[in-house]
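Colleague: Could you walk me through this one slowly, starting with how the chains meet? I have the viewer open.

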2 protein chains.
Amino acid sequence: MNEFEVIERYFRRPPRNGDVRIGIGDDGAVVAPAAGMEYVLTVDMLVEGRHFAAGADPRQLGHKTLAVNLSDLAAMGALPRFVLLAGALPVAEPDWLQAFMRGFDALAAQYDVELIGGDTTRGPRTFCVTAIGELPAGTAITRGGANPGDTIFVSGRLGDAALALAVAGRRVEVDPMLLPALQRRLDAPEPRVALGVALRGVASSALDVSDGLTGDLRHILDASRVGATIDLAAIPCSDALRALARGPQRPLALACLLAGGDDYELCFTATPAMRERVDALAHALSVPLTPIGAITAEPGLAIRDEHGAPMASLPHAFDHFA
Amino acid sequence: MNEFEVIERYFRRPPRNGDVRIGIGDDGAVVAPAAGMEYVLTVDMLVEGRHFAAGADPRQLGHKTLAVNLSDLAAMGALPRFVLLAGALPVAEPDWLQAFMRGFDALAAQYDVELIGGDTTRGPRTFCVTAIGELPAGTAITRGGANPGDTIFVSGRLGDAALALAVAGRRVEVDPMLLPALQRRLDAPEPRVALGVALRGVASSALDVSDGLTGDLRHILDASRVGATIDLAAIPCSDALRALARGPQRPLALACLLAGGDDYELCFTATPAMRERVDALAHALSVPLTPIGAITAEPGLAIRDEHGAPMASLPHAFDHFA
């Protein structure tokens with residue numbers, strides 16, 4: 001199977017969206033937003049051995065490869081529309097690729113995201129997704145809009161994906177009954193697409209928690225030129241992680257919770273006046289939206305432990321060049 | 001240097017274009033075309049050992065990484081506007097990365113292309129560029145518009161990049177005086193940006209010759225449901241390649257010319273009535289635009305040799321999964 005057969009067989013799709021003028025199969029795709037709309041663009045590269053294991057399930061990997069990009073769009077408040085997929089594979093593996101695209105396509109179909117272009121080549125297994133979302137002009141939720149007094153929220157629960165990774169690396173043990181749920185958080189994250197769109201006009205700032213809460217929250221603090229205080233006990237997490245944090249594995253549990261990465265939840269800020277709207281959103285979307293602290297005028301990130309005492313040292317965020 | 005320092009130091013740029021609402025530094029970039037304009041999107045992945053050698057000059061590589069994408073935009077008739085750059089590097093190499101970005105930035109500045117987003121990670125050296133161009137709605141030049149009777153043109157000269165690669169692989173020798181020019185074609189291709197834009201309303205179809213003339217031309221024939229006859233003697237090439245084609249290295253010379261790849265010239269079709277406009281463009285832009293054959297109603301690609309006889313077998317185009 002050559003490159004063009006690969007494209008024809010696995011990537012070519014009938015155009016679905018009216019604003020795709022030209023889709024897959026030319027030198028470029030042609031799109032235009034409706035009047036008054038803007039595009040949001042984001043790119044992520046996933047490398048075997050770094051972002052996924054060599055033996056990773058291809059279908060889950062196809063899902064995750066798209067999910068991490070939709071998560072970035074959600075963090076901007078954008079509705080996902082199009083995606084370009086570039087991939088390097090060591091050899092043409094029809095079964096593997098078919099399974100990968102099944103996972104990719106299922107998530108794309110769920111959100112009506114159209115694959116409009118791509119590139120395939122031979123090389124160490126690597127995927128690069130460019131996702132394009134849409135929103136009304138001027139409504140993008142940036143990292144720079146947080147103000148002192150704003151409440152800090154996170155969606156869902158943090159730390160489970162990192163805990164699954166720690167279990168896989170035999171650094172910790174958990175009740176085997178709890179493992180499938182943890183593993184699902186690592187392998188098949190659900191991007192908070194509906195939440196991101198709903199946060200337009202509600203959140204003052206937002207980002208997705210992909211590299212760990214404290215490291216990511218610092219990006220909001222830097223961009224907004226503010227500080228924050230958060231309460232460790234308020235950060236939503238699984239019972240498994242909460243139990244670990246009370247025992248001898250506390251350092252590992254805190255690292256998962258505060259600096260674990262791969263959560264793909266949204267962290268956002270909103271004025272106290274927005275509290276009711278945030279609670280209504282949580283209810284309407286069936287997504288826990290938990291207040292974990294507040295934005296402060298003084299720079300820096302302070303974390304209070306379960307007893308209200310400031311934590312002296314914080315685990316480090318995941319850093320791709322560390 | 002961590003990932004964020006890398007981004008701050010090498011990738012962050014002041015916004016240059018008015019239609020970039022949000023550039024590098026958030027979860028996504030925000031852009032919107034002017035009224036009546038459309039965006040063209042294209043993505044290319046370059047892998048070490050496949051698209052460039054392990055010891056490749058980083059500055060030239062930075063140039064080429066962007067150039068191959070601008071070439072795709074040119075083939076659609078789009079003016080390049082923005083670019084997203086994702087890259088995997090085995091280790092953080094400040095000097096290497098600085099040189100790479102110098103080459104990348106120099107070409108970007110030449111065409112006023114703005115870097116609006118990206119991703120960096122550790123991994124086997126791989127780059128993935130998503131380029132976004134702009135054109136008036138409905139003016140994109142596709143592969144599907146060629147009609148019987150149209151003349152087939154190519155810009156510049158073909159085969160020199162492939163010849164440089166053959167020389168480097170010691171499969172052939174050429175006059176050492178000629179080598180630097182050949183090598184430049186391989187290492188530092190110049191995308192035909194101005195030509196692509198000027199071909200709007202002139203060309204009936206177009207693509208860029210990146211995988212070899214015959215293979216790429218077949219994409220036009222397939223998309224347009226037509227055939228073509230081209231004249232070997234008419235295909236523009238260097239004196240070095242022309243001389244080789246007359247000697248015992250003729251098979252290699254023809255493979256370079258017809259199926260060599262890495263040319264990044266434009267191949268386009270136009271009605272005979274457009275001939276004067278094409279010639280005027282060649283003059284205005286100082287780019288040779290050479291007629292090499294004609295589109296036919298019968299499907300298939302026929303090549304006539306120097307004596308007007310049909311060539312029985314054709315060299316194969318470069319295929320990334322071959």
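Colleague: How much area do chain A and chain B bury between them, and what part of it is on carbon and sulfur atoms?

Modeller: Please keep in mind that this is a predicted model; in it, chain A and chain B bury about 5,100 Å² between them, and 62% of that is on carbon and sulfur atoms.

Colleague: And how many residues are in contact?

Modeller: On the side of chain A there are 64 residues in contact with chain B, and 64 residues of chain B take part in return.

Colleague: What about charges, how many salt bridges are there between chain A and chain B?

Modeller: The count between these two chains is four salt bridges, and one of them joins the side chains of Arg143(A) and Asp27(B), with 3.1 Å from N to O.

Colleague: Which part of chain A gives the largest share of the side that touches chain B?

Modeller: That is strand β3 of chain A, residues 37–47, which contributes 10 residues to the side touching chain B. Taken as a whole, that side of chain A divides into 35 nonpolar, 15 polar and 14 charged residues.

Colleague: Which strand of chain B does β3(A) pair with, and in what sense?

Modeller: β3(A) pairs with strand β2 of chain B, residues 29–31, in the antiparallel sense and over three bridges. If you look along that pairing, you will find Val40(A) standing opposite Val30(B), which belongs to β2(B).

Colleague: Changing topic, how many aromatic pairs are there over all chains?

Modeller: A search of the whole structure finds 15 aromatic pairs. One of them is Trp96(B) with Phe127(B), whose ring centres are 6.0 Å apart and whose planes are at 5°, so this pair is stacked. Trp96(B) lies in helix α3 of chain B and Phe127(B) in strand β6 of chain B, so the pair ties together parts that are 31 residues apart in sequence.

Colleague: Back to salt bridges, what is the count over all chains?

Modeller: Over all chains the count comes to 22 salt bridges. Among them, the side chains of Glu134(A) and Arg81(A) meet at 2.7 Å, N to O.

Terms used:
Residues are numbered from 1 along each chain as its sequence is written. Chains are lettered from A and ligands numbered from 1 in the order in which they are written. This is a predicted model: local features need pLDDT of at least 70, side-chain atom pairs count only at pLDDT 80 or more; totals for chains, interfaces and linings use all residues. Side-chain values use heavy atoms; hydrogens and water are left out. Contact means heavy atoms within 4.5 Å. Buried area is the accessible area (1.4 Å probe) that two parts lose on being put together, summed over both. Helices (H or I, at least four residues) and strands (E, at least two) are DSSP runs, numbered from the N terminus. Ala, Val, Leu, Ile, Met, Phe, Trp, Tyr, Cys and Pro count as nonpolar, Asp, Glu, Lys and Arg as charged, and the others, Gly among them, as polar. Two strands pair if DSSP finds at least two bridges between them. Rings of Phe, Tyr and Trp (its six-membered ring) pair if their centres lie within 6.5 Å; planes under 30 degrees apart count as stacked, over 60 as edge-to-face and the rest as tilted.
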